[in-house]
Amino acid sequence: MQQHFGSNKNDIEAFLGPSICPEHYQVPKEMRLDFIKQTSVSQPSGSIDLKYTILEQLNRLNISKIISSPICTYEDESYFSYRRNHTNQRQVSIIGLCDDR
C-alpha cells in the first residue's frame, strides 16, 4: 500500500471481522508447515490461526490502527461456517481505498 499507492502507514486502518478460531481450524501437519512457510508466521501446534497471522503481518508493517473481532464463525451460529455444517454460504469482505483529500 505504501509503495504502490503512496499511503501513509499512520492513515491505514484495518478491521478484522469474524473468522474461525485456531481451536476449530485443525489441519494436517503438512498444510500447517506449508502455511508457516508461505506466511513466515508461527502457528499453534496442529492448527492455523488466521487472525493471529494477519495481526502479525500488520504489526510487521507497523500498521497500528487495528480492530479485531473476537467472534469465531464456527462457535457463533449466526455466521456461516463450512467446518461446522458444510454450508456453501459465505461471509463477504470489503476492502476499500478512501481519498479524503
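What follows is a conversation about this predicted model.

Trainee: Is Ile48 buried or exposed?

Mentor: Ile48 is found in a loop, the one between α2 (29-39) and α3 (50-60), so its location in the chain has to be considered together with its accessibility, for which the cut-off for buried is under 20% relative accessible area. Leaving aside neighbours within four places in sequence, Ile48 is in contact with Pro22, Tyr25, Val27, Met31, Arg32, Phe35 and Gln43. Because its relative accessible area is 2%, Ile48 is buried.

Trainee: What separation do the C-alpha atoms of Ile48 and Tyr25 have?

Mentor: Tyr25 is one of the residues in contact with Ile48. The two are 23 residues apart along the chain, and their C-alpha atoms are separated by 5.9 Å.

Trainee: How many disulfides does a search of the whole structure find?

Mentor: A disulfide is a covalent bond between the sulfur atoms of two cysteines, and here the pair would have to lie within 2.5 Å to be counted. A search of the whole structure finds zero disulfides. For Cys21 the nearest cysteine sulfur, that of Cys72, is 3.2 Å away, and Cys21 is in no disulfide; Cys72 is likewise in no disulfide. The number found is therefore, with the cut-off at 2.5 Å, zero.

Trainee: Are Cys21 and Cys72 buried or exposed?

Mentor: Cys21 has a relative accessible area of 14%, so this residue is buried. At 7% relative accessibility, Cys72 also counts as buried.

Trainee: Which residue forms a salt bridge with Glu56?

Mentor: The structure holds one salt bridge, and its closest N and O atoms are 3.3 Å apart. Both residues lie in helix α3, four residues apart, about one turn of the helix. Glu56 is partly exposed at 22% relative accessible area, and its partner, partly exposed at 45%, is Arg60.

Trainee: What share of the residues of the protein chain count as buried?

Mentor: The protein chain exposes about 7800 Å², of which carbon and sulfur atoms supply 51%. Of its 101 residues, the share that count as buried is 24%.

Terms used: Residues are numbered from 1 along each chain as its sequence is written. This is a predicted model: local features need pLDDT of at least 70, side-chain atom pairs count only at pLDDT 80 or more; totals for chains, interfaces and linings use all residues. Side-chain values use heavy atoms; hydrogens and water are left out. Helices (H or I, at least four residues) and strands (E, at least two) are DSSP runs, numbered from the N terminus. Buried means under 20% relative accessible area, exposed over 50%, partly exposed in between (1.4 Å probe, protein chains only). Contact means heavy atoms within 4.5 Å. A salt bridge is a side-chain nitrogen of Lys or Arg within 4 Å of a carboxyl oxygen of Asp or Glu. Accessible areas come from the Shrake-Rupley method with a 1.4 Å probe; for residues, only the protein chains shown count as cover.
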